[in-house]
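Please read it with the structure open.

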Amino acid sequence: GSERSSYESGSESGSESDADAESITVDDDEEGGETPLTGGEAMLTDMADEDNKALAKRQLIQQIMKDKSLSAGDRNKKIQDVMAGRVELPKVEPKPAQTAPPSVNADNQSEPQKPKKSKRVKQKSAPTAGGKDENNDERKKALQAIMMDTSLSGPERQQRIQEIMEGKQPSQVVPPSSVVEVQGSGNNVAQKVRERKSKQRMKKSAADQDGFAPTNIIAHEWKRKMMDPHPRSHDDLLDILLAHKYRLSLKSPPKQSCFRVVAVVFFSLVVNGVRRTERYHVVGTNDEPHSIAGSICAERAALMQLRFMPNLESITKIVIVTDDADSVSPGMLCREFMASHDRVPWDVPIILGRSVCKKCGLSITGNACGDSMSCFNDTEEFQETQSNIFAMCSTGHEESKYQQYTTPHDFLGTATTLRELFPYPS
C-alpha cells in the first residue's frame, strides 16, 4: 500500500511539464560518456518521491535492473523482496529544497547563479506562435493527405506518418486532389468526395482478392434494393442475387470438388413476445478436406449457425446457388438434415438458383480449372459484371409488366419445398 501511494503522489507532484518529461536523458559531458537512459530506467531516475524510503527503493530496484548477471527469475525475486521490505535499503541523501527565485538588486540586475548539474536536458526553446501554427498546419495537411491516399499499404502509410512526425520528409507527400477540393470548395464538393470514397471502399471490399468480403458489405446493396419499392415477384430474384454475391466472394474452391455451393437461410425472430418485421439471414458454404467423409454441405453449414440464435422463431426461406449454369438440388443427406430440423417447416420455400440469366444470358458461373488454388475467371470484365450484379436487366425490363420498377436479372431455376424434396421421411 505504501509503495503504491508513493508512486501515485510522485507522478502527481512533479513540477515539470509533460513536454519536459518526454526528454529525459543523461549528460554526456561526464567522464566515461554514460549512455542515455530510456523507458523504465529513465522514469526511475527522475521521478518525484514522497519520502527518502521510496527513493531508496527505486534506486535499489534500478541497480537490480542493471545487473545483467541475474536471470529473470532471480531479478523478479529480488524486486519482490525490495517491495516487501525484506532487504535493507541503502541510505540516501534527502532531496534539496526548492531554491528561492534570484534576488534583484537596486540596479534591477539579477545576481548570477552557478550552473547546476542536472540529469535532465531541457528542450529547445519553442518557436514563435506564428511559426508554430504554420508548422502544425503543414503537418496536419500532410497527415491528412497520407490518410486519404488509398494507394498506400499499411506499413507504407505508417512509415510516412512517422517521417512527418519526425520532420524528415514533409515535402515529399503530395496531397491528393480530393483533399484540395474539400479545402477549396463548398459542402457540395465535400459530399461528392465522401460518396466517391464510400463507393470505392465498398467496391474494393467486395472484390478483395486476398480473402472473403465482409458479409455486411455484401448484404448492404441487397438491403437497399429490398427497401426500394418493387413487386413481390422480385423478392426471389433479389435473394438469389444475394446468394450469388456471397458465392463470387469465395476466391478459392473446395479441395475435392472445386465446386462452390452457397446456401442463404432466412429466418424470423421473436423478441419479448413480439415478432420482428426485419428479414434476417445466415450464409453457409460447402467445404471438403482431403478426406471426403469429413466434408460438409452449404445447407448444414448455414443451419448450424442458428444454434446461436436464442430468439429464433422459424426458417422462412432457403436459397441455394452453385457454380453450375443450371440449378442443382440438395443431396439426400442435406434433405434428411433439413427434414429433421425442428425450425424448418415442411412448406418452407426452397429456391434453387441458376448462374445464367434466363432473360439476357448474363453468365456468372466463374471458370474453375480443377485446381484448388483458384482458377476462376478473374478478368476485369468479369469483375465489373459481378460488382454490378444488382444492375437492371435490360431484356427482362422490356418484357416485364412492371415498367415503373427496375427489373433485376432472372437467375431463378426451381422453386420447391422441403416436402417435395423429401416426401417420405423416416
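Predicted model: local features only at pLDDT ≥ 70, side-chain atom pairs only at ≥ 80, totals over all residues.

1. Residues are numbered from 1 along each chain as its sequence is written, and side-chain values use heavy atoms, with hydrogens and water left out.

2. Start with strand β4, residues 312-322. Strands (E, at least two residues) and helices (H or I, at least four) are DSSP runs, numbered from the N terminus. In β4, 9 of the 11 residues are buried, so the rest of the structure largely encloses it. Buried means under 20% relative accessible area, exposed over 50%, partly exposed in between (1.4 Å probe, protein chains only).

3. β4 pairs with β1 (residues 261-271), antiparallel, over 9 bridges. Pairing requires at least two DSSP bridges between the strands. Lys317 in β4 stands opposite Phe266.

4. β4 also runs parallel to β5 (residues 349-353), joined by 3 bridges. Ile318 has Ile350 in β5 as its bridge partner. The chain gets from β4 to β5 through helix α13 (residues 332-340).

5. Helix α4 spans residues 52-66. Its buried residues include Leu55, Lys57, Arg58 and Gln62.

6. The structure holds 0 disulfides (cysteine sulfur pairs within 2.5 Å). For Cys360, the nearest cysteine sulfur is that of Cys357, 3.6 Å away. Cys360 is partly exposed, at 35% relative accessible area. Cys393 has the sulfur of Cys360 as its nearest, 3.7 Å away. Cys393 is buried, at 0% relative accessibility.

Note on methods. Expected span 1.5 Å × (residues − 1). Right-handed = clockwise from strand over helix to strand, strands pointing away.
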